[in-house]
Amino acid sequence: MPEKILRIVSLLGVAVLAMVPPLMGQSPAPRGLPVTYERLLKATEEPGNWLTYGGDYRSHHYSSLKEITVDNVHRLRAKWIYQMHRPKVEATPIVVDGVMYLTRPPSDVIALDAETGRALWTFEYRLAASVYTCCGQVNRGLAILGATLFITTLDAKLIALDARSGRVLWKKDLADPGLNYTATSAPLAIKDKVIAGIAGAEGGIRGFLDAYDAQTGERVWRFWTIPAPGEPGSETWKGDSWKYGGGSTWITGSYDPELNLVYWGTGNPGPDYNGDVRPGDNLYTCSLLALDVDTGKLKWHFQFTPHDTHDWDATQVPVLLDSTFDGRPRKLVVVPSRNGFHYVLDRVTGAFLLAKQYVRQTWAKEIDKKGRPVLNPNQDPTYEGNDLVWPGVDGGNNWMSPSYNPDTKLLYFNAREERRRYFKTDAPEFRPGEAYFGGGGGGGARFRPEESWGRLIAMMPETGEIKWEHRILTPPWAGTLSTAGNLVFSATPSGNFYALDARTGKELWHFNGGDRVFASPITFLSRGKQLVTIPIGDILIAFGLD
Amino acid sequence: MNIYLMRRIFLITYCLMSWALAMQAQRPAGQSRPGLPETNPYSTTSDLDAGRKLYVGRCGHCHGKNGEGGRGATLNSGRFRYGTSDREIFLVIRNGIPNTEMPGTFSTPEAEVWRIVAYVRQLSRQGAPEPVTGDTAAGLLVYQKNGCASCHSIDGKGAILGPDLSDIGAKRAALYLRQSIMEPSADIPLDYRTVEVISITGKTSSGIHLNEDEYSIHMRNMKGDLLSFMKSELKEIKLPRDSLMPDYASLPKDDLENLVAYLGSLRQTRRAE
């Protein structure tokens, strides 16, 4: 072979070889997959990862990582930022062995290298329809099972994605977005199923909770949160009001594998502020449901706010505890409810055990022995506006994740102290694309700073006793994270991400992120180092020790 | 076609396109709503009644139960600052007014907004219940004599401690103006709340509250200086319920009415956007 040809062949060879690393870089080998059901059951044994929305099936939102502690947290520094350029990021990411899976509004998914914050792939979802949403185009996260990610979309679909590439594996309609159905919550993967909630009670939907086969996307069961005529609970509705009765399921629930029960909160009845057209308790709105995970059959329910007229959804994350109550071991579920009372229930039977007020409230004299509120007069919305009501429309607590720390045995959550003006309008007719409020929770009222503020509460969850609290200037929208480093992380509406001593509430560190926070922090390991992340405004920011 | 003519046609087309794009960019968000009717499709007697109920809960708190004004503009005078057509009133209610306390009603069904428009129209036909009796020119003298410009400004003249009054006649009713003069602390605009801080060393500073978070607080003091304090260096933070403005309850009645007439006449011409 002539030398010239040889030189050309070798040059070509070098060129081909030079192309190989970039091609390999485009398809990174999967790391840490699959995430089996067995791994999800033992999520706490993988503190370097964050495998479910609530951190584990009990929704403790706690990490046993302790590289970052009360003694060194002052050395936290920003490590990287991921820019989303989207408003109101409410997502809690999933982290699997160095890869973070994050959602951004309206329904996109990004896989990030957890060490650098660089995107590995992006799934940009184009909404198939215009959607009525009450409260912004938000998404709160994902579920993972095997090598598949699951997201619900703003136009009410459930999509399965290949976690290695972001490619769509299947896509199913949860409901018709044209009828004001939307979806914003992170699904929950259990066994071979994906449990997915729906939103849209402000648009006059009839709520439900669904389970889908994770492999095929076929629906396995549906539990309607508003019973149809003739079904148990239907006597709590009048006429056709059940058809638009709300009761959405827009925050991720918890799961007890021993009892085979999934626990899921339900939203407000519709219309929100005018209850005249729906006399009765309006089951199963503003309730906690315990459903058999295989069949979707209702095991028990507990309604926090019968016949709600203040938009006090019970879509708080239910926290499962194995503890003692009245001196004997009990399986408990605890919920600091949006209505201003902290509830303790037996999660086997649904028996009401305790309710304790944790924010200022004016609507109930007390919660009676059966768990039913004894109402105060003059607390309903009026046509002229009723500005004497506490808590506000956003409640004493809301959807943000609480954290239970098994070391301190305290429950940490953000409480919203707020007075609001509630007004009602004539009951609306259901119309596609339109709100179904029947009033509002604002109306131009201007309250003093002492009528609108916040507290991070550290509570004995079994008794409702507050051990300490940390005052925040305005009512917060951030969740909490507690760790074995004796730390609690949270954030304020003014953009301050901060860390407290979980035992005393002493403030140890803060960082001004410069924008409002509507999200919950998480922690994980990246290359063996502990990072803490939180969305602030439209960025996700990761912190680690310097 | 010669090259010069072609170049000229290109330049003219380019200029026209740029102008059209610039005009589009200047249009306030939400103003271009193709398909939105010019006249109210919901104006029957029952729509009006529904509109009244919607209005009292949603709007009456600021604009007054009968449109007499208050923290919000008067709606019973027949004058609308942002347009008088049904469509224009609809868009103001739907989108709110930027840089004011007027919020939008984005999640309110369109039919409900139209019913509010119908009721606002009815209010506007009722006429102002309280005629302004004072003399505008005399009111200007009262304004000057009492040194109002040492805190307020009109058309860029005056000081910055108090609210800009250049357009106050369009924003506030006579009733509200009279109350604000006699009793300034009755309703303090959000941007003019006062703050007083005392440092650990005992130094007191006061001014207009500009910003605050959990760790710091910021104000503009009486001299107009922008001040910033770390809360860890403060002994006390007070948020007085009193306005910085002294009350003029002792102002002679004629002076008061003349001043109200003068302030009520201050209206900036709406820009032709």
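# Close-up views of a predicted two-chain model

**View 1. The surroundings of Thr483(A) in the predicted model.** Leaving aside residues up to four places away in sequence, Thr483(A) is in contact with Tyr62(A), Ser63(A), Leu65(A), Ile68(A), Asn405(A), Asp407(A), Phe489(A), Thr523(A) and Gln530(A). The model shown here, as in every view that follows, is a predicted one. Thr483(A) belongs to strand β32 of chain A, which runs over residues 481-483, and with a relative accessibility of 0% this threonine counts as buried.

**View 2. The interface of chain B and chain A.** The size of an interface is often given as the accessible area lost when the parts come together. For chain B and chain A the buried area is about 2400 Å², with carbon and sulfur atoms contributing 50% of it. On the side of chain B, 28 residues are in contact with 30 residues of chain A. Two salt bridges are found across this interface, and one pairing of this kind joins the side chains of Glu450(A) and Arg241(B), with an N to O distance of 2.4 Å. Counting pairs in which both residues have pLDDT 80 or more, 11 residue pairs are in polar contact between chain B and chain A. On the side of chain B that touches chain A, the elements that give two or more residues are α2 (45-58), α3 (60-63) and α5 (110-125) of chain B. Of the elements on this side, α2(B) gives the most, with five residues.

**View 3. The disulfide of Cys134(A) and Cys135(A).** Over all chains the count comes to one disulfide, and the two cysteines that form it are Cys134(A) and Cys135(A), whose sulfur atoms lie 2.1 Å apart. The link between Cys134(A) and Cys135(A) is left-handed, with -100 degrees about the S-S bond. Cys134(A) is partly exposed at a relative accessible area of 29%, and Cys135(A) likewise counts as partly exposed, its relative accessibility being 45%.

**View 4. Cys59(B) and Cys62(B), with their sulfur atoms apart.** Cys59(B) takes part in no disulfide, and the nearest cysteine sulfur, which belongs to Cys62(B), is 8.8 Å away.

**View 5. Helix α9 of chain B and what covers it.** Helix α9(B) holds the 12 residues 253-264, which at 1.5 Å a residue should span 16 Å, and the C-alpha atoms at its ends are 16 Å apart, in agreement with that expectation. The helix is mostly covered, since nine of its 12 residues are buried. The buried residues of α9(B) are Asp255(B), Leu256(B), Glu257(B), Asn258(B), Leu259(B), Val260(B), Ala261(B), Tyr262(B) and Leu263(B). The elements that cover these buried residues include α6 (136-145), β1 (153-154), α7 (168-171) and α8 (174-182) of chain B.

**View 6. Two cis peptide bonds in loops of chain A.** Most residues other than glycine have a negative phi, and most peptide bonds are trans. The peptide bond from Leu33(A) to Pro34(A), however, is cis, with omega near 5 degrees, and Pro34(A) sits in the loop between α1 (3-26) and α2 (37-41) of chain A. Leu283(A) and Tyr284(A) are also joined by a cis peptide bond, with omega about -5 degrees, and Tyr284(A) lies in the loop between β16 (261-265) and β17 (287-292) of chain A.

View 7. Asn282(A), which is found in the loop between β16 and β17 of chain A, has a phi near 65 degrees, a positive value in a residue other than glycine. With a relative accessible area of 0%, Asn282(A) is buried. Asp326(A) also has a positive phi, near 55 degrees, and its place is in the loop between β19 (319-325) and β20 (328-336) of chain A.

Conventions:
Residues are numbered from 1 along each chain as its sequence is written. Chains are lettered from A and ligands numbered from 1 in the order in which they are written. This is a predicted model: local features need pLDDT of at least 70, side-chain atom pairs count only at pLDDT 80 or more; totals for chains, interfaces and linings use all residues. Side-chain values use heavy atoms; hydrogens and water are left out. Helices (H or I, at least four residues) and strands (E, at least two) are DSSP runs, numbered from the N terminus. The expected span of a helix is 1.5 Å times one less than its number of residues. Buried means under 20% relative accessible area, exposed over 50%, partly exposed in between (1.4 Å probe, protein chains only). Contact means heavy atoms within 4.5 Å. A disulfide is a pair of cysteine sulfur atoms within 2.5 Å. Buried area is the accessible area (1.4 Å probe) that two parts lose on being put together, summed over both. A salt bridge is a side-chain nitrogen of Lys or Arg within 4 Å of a carboxyl oxygen of Asp or Glu. A polar contact is a pair of N or O atoms within 3.5 Å; within protein, one must be able to donate a hydrogen and the other to accept it, and residues adjacent in sequence count only if both atoms are side-chain atoms.
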